[in-house]
Structures are given as C-alpha cells and as structure tokens.
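Reader: I would like a close look at one part of this model, the helix packing, with the criteria stated. Please take the contacts between helices one at a time and then go on to the chain interface.

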Amino acid sequence: MKMTTKAMLVLLAMSTAACTRPDRFGGADDMNASAGGAPLGNTMPQGGASDPRSAEYFQQTVGDRVLFVVDSSSLTPQGHATLDGQANWLTTNSDYLAIIEGHADEQGTREYNLALGARRANAVREYLISRGIPSARLRTISYGKERPIEVCSNEACYSKNRRAVTVISVGSLS
Amino acid sequence: MKNQFMIAVLAAVLALGATAPVLAQGGPLRLTITDGVIEPLPFAVPLFQAETAGAEQVASDISRLVAQDLNGTGLFREIPQTAYISQMGAFGAPVAYPDWRAINAQALVGGAVSVNGDQLVVKFRLYDVFTGAELGEGLQFAGTVGGWRRMAHKVADAAYSRITGEGGYFDSRVVYVAEQGPKDNRQKRLAIMDFDGANTQFLTDSSTIVLAPRFSPSGDRVLYTSYESGFPRINLLDVGSVSKRQVQTAEGEMAFSPRFSKDGSRVVYSIANGGNTDLYISDLNSGASTRLTSAPSIETAPSFSPDGSRIVFESDRSGGSQIYIMSAGGGEPQRVSFGAGRYGTPVWSPRGDLIAFTNQESGQFHIGVMRTDGSEERILTTSFLDEGPTWSPNGRVLMFSRETQGAGGTSALYSVDISGRNLKPVPVQGGASDAAWGPLQP
C-alpha cells in the first residue's frame, strides 16, 4: 500500500515535471503565462474559455480558487460550491492533474504563512478527494505570503490573497 | 492591556538605566553594557599613521571605519577631529594625555598602517585617557589591501571588547534575501555582505523563490529554502565555492525553515504533509532523519540553544502561535510565551540568556526578547511588519526585516540593540529580508 502510494507520487512528479515551472502561481493571468515564465503546457486544448474542456473554462467558469478568512483553513459554503464544480470538472476531464497552491496574506511571519498555506491547500485537496477525485491526481504546495495577487495592505486585498488555487495541467496517468 | 504592559516594561528599563553605574569615574576605563539608557562614551580616533609611502589613503580609510564601527553601536560617541588640540605622534610614542582630557576624549585609538605590495599590516593601541595608561597590549593585524575593511573591523572589535569586556561583532557577515520588483512580482536571491552592508555578493540568481538563509556555526555554509525543484526544499550552499545541493530530508510535500545544529552536522527543519507541519532533524551527510514532533498543529521555526541541548520553536497547538522549548531529542515541550498576541520565529541568543522573537498584536508587529523561561519580556520595536530577528555574534544586537505597507511596500533590514536603543536601518542596496548574522570571522 505504502509502496504503491510512493510509486504513484513519483509517477505524478515525473508526469507533471514537463508541464509545470517552479514559481508558477495562481495569478489570474497565469494560464495565459503573462505573469512571466513558460506556458503551463502545450498539450492543453486550445478552444479558449468557450470550450468546456479548456483550462480557461476551468479557471473562469468553474472557478479555480477558494478564499479563506484570517488565519483559517476552513472551507466556506461558497468554497464548497466552487470545489463541487472543480470536482465535477476533474471527474469529466480525467486526463487532468491538479496542483493546489495555498497562499496567505502578509499578516504573519514567513514560516507560519508557509505552514498555513499548506493547511489551506490540503483542505482543498481533501475536499476534492471526498468528492471522488483520486489523490494521485492531486498535489499541494504552499507559497505562504510570497505570491500576493493584490498589493494593498488592507482587508480588500488580504481577502483575495488568502486563497487556494487549483492549477490544472495535462498528465498521462490515466 | 498590551500597551500598559509595554509601558511598564519601558518604565522598568528606564529606571534601571537611571540607577545603573555605566562608567566608573576615576577607575580604569570600563563601559558596562546594561539594559538601560546610557550616555555614550566619548572617544577619538586620530588619523592612523602611514608607515610606508602611499599608505596614506588606506590609513585614512581604516581609521574612519574604526570610528564608524564604534559610533554605530550607540555606546560610543566620536569627538570630531576639528576639536583636537594636538595630533598623535609616531605610533607608540608618548601620548599627550592632557590634550585629550581637555576635549573629554575618554578613549583614544592610535594606529599605524603599512603596505608592501598586496600586504597590509595594521597596528593599533588603545589608551585610557583619564588614567593616562594604555588599555591592553598593542595589537597587529595582517591581511591584504583589498581586505582593508576587515582589518578596520578587527581593530574596532578589539577596542570594543577591551572597553566593554564583551566580544565584538564588526568583523562578521550577514546572509540575506535580496529583493527586487513590486510586491506581486517580487524577485528574490540570496546575498552575503559585511555586517555594515559593504562587500555584497550574490549567491544565487532570482530564477526561483529563496527564503530564510541560515549560517552554519562557522559561517562556511548556508541552509535555505528553495523552490528550485518546483516545491519547497532545503538547499545547502558552500559560501566559498557557491556550490549548492538539495539536502536529503524526511519525506514530505514541503520542507522548509531549516537551521543548523550547533556542531554544523545536522539540520532541524519543518516538513508539511497533508496540511500538517512538524519538526524533524536530519544528518547532513547520511540523510538519516528523526521526527521530533507529532502534533496536528503547526510546528516550525526551530532554533537550538547554544549548548545544543534544547530547541525553541513556534507552535499553534494552543490556538494562536506561541513559543515552546523542548529537548533537542524531542519530547513534551514547555510553553514559554504568554503575552498578548501571537509569537513566532524564536531565536536563541548565542549567550544563551535570551530568546528573540516576532510578536504580532493588534495589527502591528514587534521584535522582542525574553528570558528562556519567558520572563522579563521586552518589546523592542513596533511597525506595520517587523519579523525574523537574528543575533549579533556577541548577543547584544538584533537585525531583522521591516516591510512597509501598501502597494509600494518594500522590505529593508534594521538593527536594534537588546535594550531597544539604537534602532537604525542597515545600509543595503535594494530590498532585503530574512537576514542571518554569522559568527565573528577568524
């Protein structure tokens, strides 16, 4: 059992290596790679946001992120609704893998925020697993407070920075 | 509640300062560093003698840097050269003490510099003006002309040490994260510099996120967190060769917040797995790992006691993050922080007497110190975002990161002494965070 999990993780790591970049992060334009760096993958369907199989559709219509209250990793009712949509989409599009990125606002030390982001990413991961997504298709990472998408120092920005973003990529596990 | 406490602490510190004898008048020159407010000790550094032709410039540079180091502590105050009644004679010649007493210079630093090719020799003597005697023996340092700043720092360390009876901290280096770019596209890379911001050298490029570098006890290696692999992992960097490798850790989705053991052979760090962060320790050579904590809460930011027997760390097992101490082998931790707000990033003083920390309370951040049993907490700084203290080699000064707020917010390094005095920015080019202060250099 343990061996199997390990082997699958290795396989997952290998298959995602080609289509992820270090420091990719869930900024709004990330899928369009305008935040700097290489595109996430070149095997994505190119149909744009109107194609329900596209990454843009997942990002914009399904919703790629959930938000959290201060110092919490509890999913909100709105978060549950978004993640139900993500689970449905991932069930339909079973060739996609997802890396779930946890983020924190700047109110906290660097180390604590890394750990808090890991909690948030894991809350999303566990919810998606509870909705039937195989754990081998999911991986988590925390960026702590290193990658804010909003830059002001008040709640209007903090509330958007306290997020977990599901970043999808095409894999070959199926 | 918190404010009242802080006022009480401040009052206690001030009262202590008012009654503490800091300079015994009439006796030999001795400055006792107390936690109270003191009157800086007046000193003079006449231009060092150039003993070889062409050494004038470096002699001048070295004597100015010695004065700058001593002035920068806040414990000493330089008497301007324009006030001098006479100049120093040849190095080692009798000193005209009355001329220095007349301008109230209590300490006098004399020096001479010679240059032969690339070789630089600096000699120095320290005089106690009011007793009219030399304080300690003359000293001589040899190095290269390019390393003149280190020679000056060594002279200043010797003077500081003789007057205060404590180790110095000027001939030391700081590894930190150099920052560039706006908040939503910040580029980070590791850099190393002298304690005073000079001689900056970059150790990594900015192609990936790097965080929280930590020096080995001898200052030859650096541990840090890197996203180079796509996920947070711990890297070990050799400062001399700038070569690096990933450290083998316990299995986990993320490894971060590393710090060396006191003998430099092991690393204590955090692993996050399934959303839970715990502490582990690994041998840097064999990779053998031991789990130190097993709690559903966040355990991170570990730091060893100077004798290596205990580890201080932060945990939110009680709700908000607080500071705990446990045996270096693990086991049941004792909570030591009980003040208002949250406590994090504890760092054990090299003297063993204090723990420095980051405190977050009512929307403000503070750097503070407490005794290792949590008593005598002192909040030293306040700002929108202060974090990540690191100790000077002698345990008297803290360096930390201060980030300004808003869209244009940037991070800079500051230093403050453990009484809360002498708060000032460290002159660094560009943004900087996550400083780690290394040992005195050999």
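Author: In chain A, Tyr57(A), Phe58(A), Val62(A) and Gly63(A) of H2(A) meet Thr82(A), Gly85(A), Gln86(A) and Trp89(A) of H3(A), where contact means heavy atoms within 4.5 Å. Helices are DSSP runs of H or I with at least four residues, numbered from the N terminus. The model is predicted: local features need pLDDT of at least 70, side-chain atom pairs count only at pLDDT 80 or more, and totals for chains, interfaces and linings use all residues. Residues are numbered from 1 along each chain as its sequence is written, chains are lettered from A and ligands numbered from 1 in the order in which they are written, and side-chain values use heavy atoms, with hydrogens and water left out.

By class, the contact of H2(A) with H3(A) has four nonpolar, four polar and no charged residues. Here Ala, Val, Leu, Ile, Met, Phe, Trp, Tyr, Cys and Pro count as nonpolar, Asp, Glu, Lys and Arg as charged, and the others, Gly among them, as polar. The axes of H2(A), residues 55-63, and H3(A) come within 10 Å and cross at roughly 145 degrees. Axes are lines fitted to C-alpha atoms, for helices over the stretch in contact, and angles run from 0 to 180 degrees between N-to-C directions. The crossing is right-handed, meaning that the near helix is turned clockwise from the far one by less than a right angle.

H3(A), residues 77-92, also packs on H4(A), residues 110-130; their axes come within 9 Å and cross at roughly 55 degrees. The two are therefore oblique to each other, the class left after angles under 35 degrees (roughly parallel), over 145 (roughly antiparallel) and 65 to 115 (roughly perpendicular). This crossing is right-handed. His80(A), Leu83(A), Asp84(A), Gln86(A), Ala87(A) and Leu90(A) of H3(A) touch Val124(A), Tyr127(A) and Leu128(A) of H4(A). Those residues divide into six nonpolar, two polar and one charged.

Between the chains, 47 residues of chain B are in contact with 34 of chain A. The buried area is about 3,400 Å², with 54% from carbon and sulfur atoms; this is the accessible area (1.4 Å probe) that two parts lose on being put together, summed over both. Seven salt bridges are counted between chain B and chain A, each a side-chain nitrogen of Lys or Arg within 4 Å of a carboxyl oxygen of Asp or Glu. One of them joins Lys188(B) to Glu146(A), with the closest N and O atoms 2.7 Å apart.
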